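Here is a short report on one protein chain. Have the sequence and the structure side by side as you read.

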Amino acid sequence: MTTAEFRAATAEETRALGARLAGLLAPGDLVVLSGPLGAGKTTLVQGIAEGLKVRGPITSPTFVIARVHPSLSGGPALVHADAYRLGGTLEVDDLDLDESLSESVTVVEWGEGLVEGLSSEGRLEIHVERGAEGEDRRVRVTGVGPRWSELSLA
């Protein structure tokens, strides 16, 4: 496992971090986002979307559960899902996220403990939490599995 920690003082810095992380992502990658309500998970996904150059807008998929954002530049699509309202792995299976995984970058908010098995190559786990003041965020990024073993996240 490879882990890196980042701080973002504003929402714009959180988006910029997401755009940087997008440079590491490729078709078939699974990103599992965790953190409390309002921590900035969707803001980070907005930055990932900007970096991947996909069609927006990127909003919280809580009520839609999953959205596909096609590439505007010939790169991979972004599948943005939210597992907050899902009751377990059977409901995750119903979303068929594994059907588009190989050609897309799949980001699942609240997916911890539910979606890790979607990728045999591993995943990028990102935990976002609020700092002590204002918009300050602490972001811990951990690469799990063979895909991420040789990659520097810093």
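K53 is partly exposed. Its relative accessible area is 49%, and a residue counts as exposed only over 50%. The model is predicted, so K53 is classed here from computed values.

Where does K53 sit? Its place is in the loop between α2 and β3. The backbone of K53 has a positive phi of about 60 degrees, although K53 is not a glycine.

## A cis peptide bond

The loop between α2 (41-52) and β3 (66-69) also holds P57. Look at the peptide bond from G56 to P57. This bond is cis. Its omega is near 5 degrees.

## The elements in order

How many helices and strands does the protein chain have? There are four helices and seven strands. Read from the N terminus on, they run β-α-β-α-β-β-α-α-β-β-β.

## The sheet

Strands of a sheet pair through backbone hydrogen bonds, either parallel or antiparallel.

Now take one pair. β3 and β4 (residues 77-82) pair in the antiparallel sense. Four bridges join β3 and β4. V68 has its bridge partner in β4: the residue is V79.

## A helix on the sheet

## The chain as a whole

The protein chain has 154 residues, and 49% of them count as buried. Its accessible surface comes to about 7,500 Å². Carbon and sulfur atoms account for 50% of that surface.

Contacts tell how parts of the sequence meet. Take the contacts between residues at least 6 apart in sequence. Of these, 63% join residues at least 24 apart.

Methods
Residues numbered from 1 in each chain as written. Predicted model: local features only at pLDDT ≥ 70, side-chain atom pairs only at ≥ 80, totals over all residues. Heavy atoms only, no water. Helix = DSSP H or I, 4+ residues; strand = E, 2+ residues; numbered from the N terminus. Buried < 20%, exposed > 50% of the residue type's maximum accessible area, 1.4 Å probe, protein only. Contact = heavy atoms within 4.5 Å. Areas by Shrake-Rupley, 256 points an atom, 1.4 Å probe, with all protein chains shown as cover. Pairing = 2+ DSSP bridges.
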